[in-house]
Every structure is written in structure tokens, then in C-alpha cells.
Amino acid sequence: ENRLRLNVAASSLTMTDFRHGHAYKYSLAVLGELRVTRAVSVFAGPSANLVLDYAHGSIASVFPHFLWTTTGKNEHLIGGYAGATGGLSIAL
């Protein structure tokens, strides 16, 4: 029985304030997973994240620690930052 695994996870999230615009967050994470029991495992690892803010920075302000930023077409904010992801997985 293999108790350790290495997973790669990609995700996309859309955020909006319903008034001024919307933003997209894309993440790529490498996650180490430890199976505690047959149904329960814990996972954690680093992530690389990209934010495209079409609300001219008002939504991206929830991410205060960008490693780099630039401005794209139509003056929208593009920013990247590093993060971490972790959690508990329960198989039903």
C-alpha cells in the first residue's frame, strides 16, 4: 500500500464585485499527499499563481504581495505571486 503520493493540481477561479469588473486567478500547485487511513489523507505544497484583474486593480488588491505586476491590453492588471495550498481529503 502506497501511503505517499505527489500530485499536480491546476485550478481556475473567477472573482467579481458585481459592479466594477471581474478577475481571474489561475494556480498550479505541486502537492505532497500522505494517506492516513484508507479514507483520509492530508496534502500540502507550494503554488504558483497568476491574477488577471479586469477591474483595474480593485479586485487584485486582495492579493497584496505580488512578486511582479504589469499592465495588459485595456490597462488591466496582471500579477504573479507564490503561495501554498493544504488540506484534508476524505473519501466517502
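Tutor: Ser89 counts as partly exposed because its relative accessibility is 32%; the class lies between buried, under 20% relative accessible area, and exposed, over 50% (1.4 Å probe, protein chains only). The model is predicted: local features need pLDDT of at least 70, side-chain atom pairs count only at pLDDT 80 or more, and totals for chains, interfaces and linings use all residues. Numbering starts from 1 along each chain as its sequence is written, and side-chain values use heavy atoms, with hydrogens and water left out.

Ser89 sits in strand 5, residues 77–90. Strands here are DSSP runs of E, at least two residues, numbered from the N terminus. Leaving aside residues up to four places away in sequence, Ser89 touches Ala39, Val40, Ser41 and Phe43. A contact means heavy atoms within 4.5 Å. Arg35 is 54 residues from Ser89 in sequence, yet the C-alpha to C-alpha distance is 9.0 Å.

Now the pairing. Two strands pair if DSSP finds at least two bridges between them.

Strand 3 covers residues 40–53. Strand 2, residues 22–35, is also antiparallel to strand 3, with 11 bridges. A hairpin of 4 residues links strand 2 to strand 3. Leu34 has Val42 as its bridge partner in strand 3. Ser27 is partnered by Asn49 in strand 3.

Further along comes strand 1, residues 4–16, joined to strand 2 by 13 bridges, again antiparallel. Asn7 stands opposite Leu31 in strand 2. Here the hairpin has 5 residues between the strands, and Phe18 in the turn has a positive phi of about 65°.

Back to Val42, which lies in strand 3. Val42 counts as partly exposed because its relative accessibility is 35%. Val42 also belongs to a nonpolar surface patch with Leu4, Leu34, Val36, Leu88, Ile90 and Leu92. Together these residues have about 740 Å² of accessible area, by the Shrake-Rupley method with a 1.4 Å probe, where for residues only the protein chains shown count as cover. Patch members have over 30% relative accessible area and no salt bridge; nonpolar side chains (Val, Leu, Ile, Met, Phe, Trp, Tyr) are joined within 5 Å, like charges within 9 Å. A salt bridge is a side-chain nitrogen of Lys or Arg within 4 Å of a carboxyl oxygen of Asp or Glu.
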